[in-house]
Amino acid sequence: MPERTVAQSLPRKQLAVAAPQSTAYEAACLMTKHRCGSVLVIDATKSLLGIFTERDLMTKVVAQSLDPRATAMSDVMTPRPQSITPETTVSDALLLMKGAGFRHLPVVSATSEIVGVFSIRDAMPHEIIEAEELHEFLDDELTKVLG
């Protein structure tokens, strides 16, 4: 059976997007409305500027005692986030996420069009287990090589 691509795994739902001057409170409302864990921050030309996640809300706003209604996305988003293409395999996306420690990856086409956000929740359980096993194997092999 051929491996699924990220495009085949993306849920068919409206993207949660916001302008950089939007507030963390507005982003939290968008995540609640769209039932998702991230908001893509875009400019007027719909180019990807950053990503703001549930974790960012917790660590960069709440834990820092910032006022979510007065905190601009541009101040707390992750700028220039790593992204993947729709053709990326689910296993490659999971390996990247596992290695980098994040749970959301913007999906951007070759023409820079934002296609969606791949979330760890979009993977099937067996794909997650396989990616974790491969990540452990690669870590072990790297440790052997580096000593």
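Predicted model: local features only at pLDDT ≥ 70, side-chain atom pairs only at ≥ 80, totals over all residues.

In what order do the elements of the chain run from the N terminus on?

Author: From the N terminus on, the elements run α-β-α-β-β-α-α-β-α-β-β-α. That comes to six helices and six strands. The chain has 147 residues, and 39% of them are buried. Take the contacts with a separation of 6 or more: 55% of them join residues 24 or more positions apart. The accessible surface is about 8900 Å², with 56% belonging to carbon and sulfur atoms.

Now the pockets. Rolling a probe the size of a water molecule over the atoms shows where empty space is left. The largest pocket has a volume of about 340 Å³. Its lining counts 19 residues. Nearest its centre lie Pro11, Lys13, Leu15, Gly116 and Val117. Strand S6, residues 114-119, gives the largest share of this lining, with four residues. By class, the lining of the largest pocket holds eight nonpolar, six polar and five charged residues.

The second largest pocket has a volume of about 230 Å³. It is lined by 14 residues. Closest to its centre are Ile51, Thr53, Thr78, Phe102 and His104. By class, the lining of the second largest pocket has five nonpolar, five polar and four charged residues.

Key
Residues numbered from 1 in each chain as written. Heavy atoms only, no water. Helix = DSSP H or I, 4+ residues; strand = E, 2+ residues; numbered from the N terminus. Buried < 20%, exposed > 50% of the residue type's maximum accessible area, 1.4 Å probe, protein only. Contact = heavy atoms within 4.5 Å. Areas by Shrake-Rupley, 256 points an atom, 1.4 Å probe, with all protein chains shown as cover. 1 Å grid on protein atoms, 1.4 Å probe; cavity = no way out; pocket = protein on both sides within 12 Å on 5 of 7 lines; lining within 4 Å. Points joined across faces, edges and corners; volume = space filled by probe spheres on them. Nonpolar A, V, L, I, M, F, W, Y, C, P; charged D, E, K, R; others polar.
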